[in-house]
Amino acid sequence: MSRSVRLVPAVAAATLLLALTACDDEGTPDTPGAQAGKASGAPGLGDPYFPKAGNGGYDVSHYGLTLAYTPVGNWLSGTAVVTARATEDLSAFDLDLAGLKVEEVTVGGDAAEFHRDGQELIVRPPDALADGETFEVRVRYSGSPRTITDPDGSKEGWLRTADGALALGEPTGSMAWFPGNHHPSDKASYDIAVTVPKGLTAVSNGELRSEKATGDGRTTFTWHTAEPMASYVATVAIGRYTVTRTTVTRTAGPETCPGTDSPAEAGLPVYVAVDPSQVAAGRKVLARLPEVMEWAECNFGPYPFSSAGAIIDRPEDVEYALETQNRPVHPGAPDIATFVHETAHQWFGDSVTPENWQDMWLNESFATYAEWLWTEDEGGLTAQETFTELYDHGEDEDEYENLWAFPPAKPTSAAHVSDPSIYQRGAMVIQRIRQTVGDDAFYDIVQGWAAAHRHGNAGTADFTAYVEQQAPDEDFSGIWADWLYGEGKPERP
Ligand code: TRP
Ligand code: ZN
């Protein structure tokens with residue numbers, strides 16, 4: 001679902017202001033006394049929409065987070081152990097961290113100098129790092145984690161809820177709860193341990209490895225994510241939850257799933273956490289999880305992760321859904337379309353992750369298109385009919401008034417990366433491809449794309465090149481020029 005359609009109009013004006021002021025603190029942090037011949041890693045990766053997100057000079061392979069949270073007083077204390085490899089000689093490097101107090105930083109076990117500058121935590125190890133060297137940086141920190149307001153006015157970062165907290169990270173919120181290389185291009189595996197007061201549950205990504213009483217009236221939940229994860233889809237949800245643990249056995253195969261040959265899979269662990277107030281409302285849609293998973297595998301190919309599930313909080317606690325890896329977050333019981341949308345993101349966004357925030361349409365177009373396909377397969381409007389409806393009437397309907405405001409691959413600014421031009425017009429690009437190649441080749445392209453970049457990163461140019469290579473007899477240049485990159489409403493195809 002488009003996040004923007006859920007926002008109240010008053011947010012729009014504030015949004016513009018924020019987008020403008022966001023540039024104010026863009027200065028390069030000073031790193032005094034850099035050693036001759038050794039560089040400081042860049043404070044940002046130069047993302048076209050979020051230039052300070054992420055950092056240059058290294059690649060993270062693993063995050064080990066040990067956190068403790070007390071809802072009363074909103075107090076988080078933690079240790080982050082970040083394992084990374086230097087990609088240049090480094091006398092200093094940055095981590096992204098917003099708010100919180102850093103108590104100690106070590107690199108390779110030795111105390112390191114550090115200072116803060118806006119969202120940058122600048123670390124100077126006692127010995128410079130050599131290009132190619134693997135290193136471990138440990139950051140001890142604590143404080144009241146902050147909620148971040150995005151350029152489009154929505155809230156992310158650390159959200160306090162009625163009975164705990166919820167961490168949401170798209171596009172930049174994860175720096176509110178752990179230091180890291182917070183850009184989608186640097187994916188890593190994770191181990192996240194969270195200690196909370198007894199009676200509360202701490203849910204995160206991946207699989208629950210253990211749940212242990214600490215002896216002092218608290219419980220530690222330990223979660224493991226082996227498959228690469230972008231930090232914007234990392235999450236922690238703390239509160240009273242009704243937890244259901246099951247497995248789904250996918251029987252996807254040529255008979256149930258025409259056109260694919262995905263084999264029957266062993267049981268996939270499913271962990272679903274629902275706020276008690278949402279259990280009754282959520283029962284029906286959650287009962288369809290196995291069906292949605294199987295349908296998604298038929299259409300997109302094998303599920304990319306080793307567990308699945310959902311987190312359903314109260315609508316008062318969170319204003320939009322997010323495709324947090326393994327188990328998407330929902331603001332109250334989702335409708336089936338939103339449930340399908342977030343499920344599709346596991347392939348498109350979480351497994352195949354954008355190279356930068358300009359590629360956002362690759363996530364949202366596929367997730368929106370999944371809703372269209374679901375409707376088609378359920379016997380409702382075909383995707384082509386949805387396309388035509390949008391083409392003819394899309395701009396008349398309030399929520400889609402900006403449908404032609406900008407092309408999917410060129411959002412006007414960071415405030416617009418969740419607009420209808422990304423979601424619905426992006427999905428129209430996917431339908432244009434299907435119109436051009438026909439159903440058989442179309443499903444091959446969708447599954448082939450998900451397979452080619454499974455657990456990796458890919459950008460818009462990779463996508464257009466892939467489509468062209470899969471259908472060498474077709475000419476896509478008009479689709480790219482008019483639908484993907486072109487201003488205004490394209491001509492009727
Ligand atoms: N990706 C979410 C969804 O469609 C919506 C969303 C949350 C979003 N935060 C965002 C989109 C930031 C763009 C930018 O399910
Ligand atoms: Zn989405």
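Analyst: Start with the terms. Axes are lines fitted to C-alpha atoms, for helices over the stretch in contact, and angles run from 0 to 180 degrees between N-to-C directions. Helices are DSSP runs (H or I, at least four residues), numbered from the N terminus. This is a predicted model: local features need pLDDT of at least 70, side-chain atom pairs count only at pLDDT 80 or more, and totals for chains, interfaces and linings use all residues. Residues are numbered from 1 along each chain as its sequence is written, ligands are numbered from 1 in the order written, and side-chain values use heavy atoms, without hydrogens and water.

User: What makes α7 roughly antiparallel to α10?

Analyst: Helix α10 covers residues 477-484, and its axis lies 10 Å from that of α7, at an angle of about 165°. Angles over 145 degrees count as roughly antiparallel, under 35 as roughly parallel, 65 to 115 as roughly perpendicular and the rest as oblique. So α7 is roughly antiparallel to α10.

User: Why are α6 and α7 called oblique?

Analyst: The axes of α6 (residues 383-393) and α7 (residues 420-437) come within 10 Å and cross at roughly 130°. Therefore the pair is oblique.

User: How do you know that glutamate 170 makes a polar contact with ligand 1?

Analyst: A polar contact is a pair of N or O atoms within 3.5 Å; within protein, one must be able to donate a hydrogen and the other to accept it, and residues adjacent in sequence count only if both atoms are side-chain atoms. A polar side-chain atom of glutamate 170 lies 2.7 Å from a nitrogen atom of ligand 1. For glutamate 323 the distance is 2.8 Å. For glutamate 364 it is 2.8 Å.

Notes: Helices (H or I, at least four residues) and strands (E, at least two) are DSSP runs, numbered from the N terminus.
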